[in-house]
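Subject: Handover of a structure and notes on its contents

Dear colleague,

Please find below the structure that I am handing over to you. My notes follow directly after it.

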Amino acid sequence: MHDPAAIYGWGAYIPRYRLPMSEIARIWGWHEGVPASLNVKEKSVDGPDEDSLTIGLEAAYNALKRSMIDPKEIGVVMFGSESKPYAVKPSATVIAEALGITPSTMASDLEFACRAGSEAFRAIIGMTLGGLVKYGLAIGSDTAQANPGDVLEFTASSGGAAFIIGKPDGTEAAVIEGSYTYVTDTPDFWRRALQPYPLHGEGFTGEPAYFHHIVNSVRTLMETLDLKQEDFDYAIFHQPNGRFPLKVGKMLGFPKEKILPGLVTPFIGNTYNGSALLGLARVLDQAKPGQRILVAPFGSGAGSDAYSIVVGESIVNRKSKAPTVDDYLVRKKTVDYAMYTKYRSIITRIV
Amino acid sequence: MSMEYSVPIYWRNRVNYYKLIGGRCKKCGRVFFPPQSRCPYCSSDNVEPVSLPRIGRLLSYTVSYNPPEGYKLQTPLIIGLIDLGETRIIAQLTDVSLEEISEGIEVEAVVRKIREDRTAGLIHYGYKFRPVISH
């Protein structure tokens, strides 16, 4: 296990538009029991002038405000997404430029389905502990794609979260006391080049993918750190729907009460690279010094990271410096399926 | 394939558009946006960049129902005149509908897509203003 690392700032962003599950069921003729089984009421939809870059940028702007550090001290910006605006042209450089981090910085976009942002998070832990950079900015952001009429359309949504990571110096918002990653080649979900929508391996998405990888990453982390379920105040898991996190929590011995504070999918759907990281942002918004948080993102293909995070004293001074996840959750405007297709550019126009 | 919109012009202005950088005349003291090499008020070339406030007040607005190609998804466009204290700025408003908008509301700067150069060209990002998110 590595030396402790630290979170100095965290930030979230959720677009304001919401599409109710009932609208998708109405258009595509789904039985009402299908969306009900997902435990999701509505999903967040990016506006017509938003994409994963602008979403990640606002989350990063909020993280920077809470970190209270000079942006020039950030030596790496990593943007994790599976819905990048460009196939070739980094989003990370635009974000670095807009935040005043350029030019003395590394900047790159990462891809690993829903856990690219978490890969950024863990890679930056290594870079800061190794002394390559003083601080790093990890971003997970998506405007998730789903084939119209596919069951994925119920949950594929938009949002993002960002974190400023460095070495602990006593003023950090939280200490990352350990982390672990578990990956295998598992074909549960993919999107081929030039294809607009992903496909999924039917039953593969659950047992051999989501549950197997999260259970193994979390168990190994807890064994390595010699921690038990009762040592954690919160448990946050990747949230492809509102049901899986509660189920994997039960498999791992975590009660519902420790999972619900970081469960945002029932309100906004699955923000893919946002997902568990948005859950972490929401828990940091409310956590008290000394509390311990378990976070386990997951990405198809497949892999899961597990982190053990202990909240620091200075979190109290940082919370009010940016909008909370709940501030974004309550800022919402309902749209119908017609407006959703326009905002998501599902309607083809000749230009 | 040629671009509809100039890539060099976007590139030259990108930092001002992302970070809302204006100009301050060191001779007459006036602040202006966008920044330029000569003061638009006294023509002095003694100007310096200045970061503008990201929160202001909406003084007035107008609506465009027939904007140029590249803006169609955002139609109708709401264009606002915003008081930033030392200067005023004209900017597109976002995350607000005509039913929700009113003069005098507090607005804050965000970076959004301004327009897309057809389907294969550059995506232009820049400042817009939206109603302030209270926290």
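This is a predicted model: local features need pLDDT of at least 70, side-chain atom pairs count only at pLDDT 80 or more; totals for chains, interfaces and linings use all residues.

For chain B, the mean pLDDT is 95, and 99% of the residues in that chain reach 70 or more.

In chain A, strand β11 spans residues 234-237 and is covered on both faces. Y234(A) and I236(A) point to one side, A235(A) and F237(A) to the other, and all four are buried. This arrangement may be read against a general rule: in a regular strand, side chains alternate between the two faces of the sheet. The partner of β11(A) is strand β12 of chain A (residues 292-296); the two run in the parallel sense and are joined over 4 bridges. Within this pairing, A235(A) has L294(A) of β12(A) as its bridge partner.

Two helices of chain A also deserve a note. Helix α6 (residues 206-225) packs with helix α7 (residues 244-252), both of chain A, at an angle of about 50° and with the axes 10 Å apart. An angle between 35 and 65 degrees counts as oblique, and α6(A) and α7(A) are therefore oblique to each other. Their crossing is right-handed. On the α6(A) side, the contact is made by G206(A), Y210(A), F211(A), I214(A), V215(A), V218(A) and R219(A). The residues contributed by α7(A) are F244(A), P245(A), K247(A), V248(A), M251(A) and L252(A).

D285(A) is located in helix α10 of chain A, which covers residues 275-286. Its relative accessibility is 15%, so D285(A) counts as buried, the cut-off being under 20%. Leaving aside residues up to four places away in sequence, D285(A) touches W10(A), R66(A), K319(A), T324(A) and V325(A). Between the C-alpha atoms of D285(A) and Y328(A) there are 12 Å, while the two residues are 43 residues apart along the chain.

Turning to chain B, 3 strands form an open sheet in the order β2-β1-β3, with antiparallel pairing. Its edge strands are β2 (31-32) and β3 (47-51) of chain B, each of which pairs on one side only. Strand β1 of chain B (residues 21-25) is joined to β3(B) over 5 bridges in the antiparallel sense. One of the residue pairs here is R24(B) with E48(B), its bridge partner in β3(B).

With kind regards

Terms used:
Residues are numbered from 1 along each chain as its sequence is written. Chains are lettered from A and ligands numbered from 1 in the order in which they are written. Side-chain values use heavy atoms; hydrogens and water are left out. Buried means under 20% relative accessible area, exposed over 50%, partly exposed in between (1.4 Å probe, protein chains only). Two strands pair if DSSP finds at least two bridges between them. pLDDT is the predictor's confidence in each residue, from 0 to 100. Axes are lines fitted to C-alpha atoms, for helices over the stretch in contact, and angles run from 0 to 180 degrees between N-to-C directions. Angles under 35 degrees count as roughly parallel, over 145 as roughly antiparallel, 65 to 115 as roughly perpendicular and the rest as oblique. A crossing is left-handed if the near helix is turned anticlockwise from the far one by less than a right angle, and right-handed if clockwise. Contact means heavy atoms within 4.5 Å.
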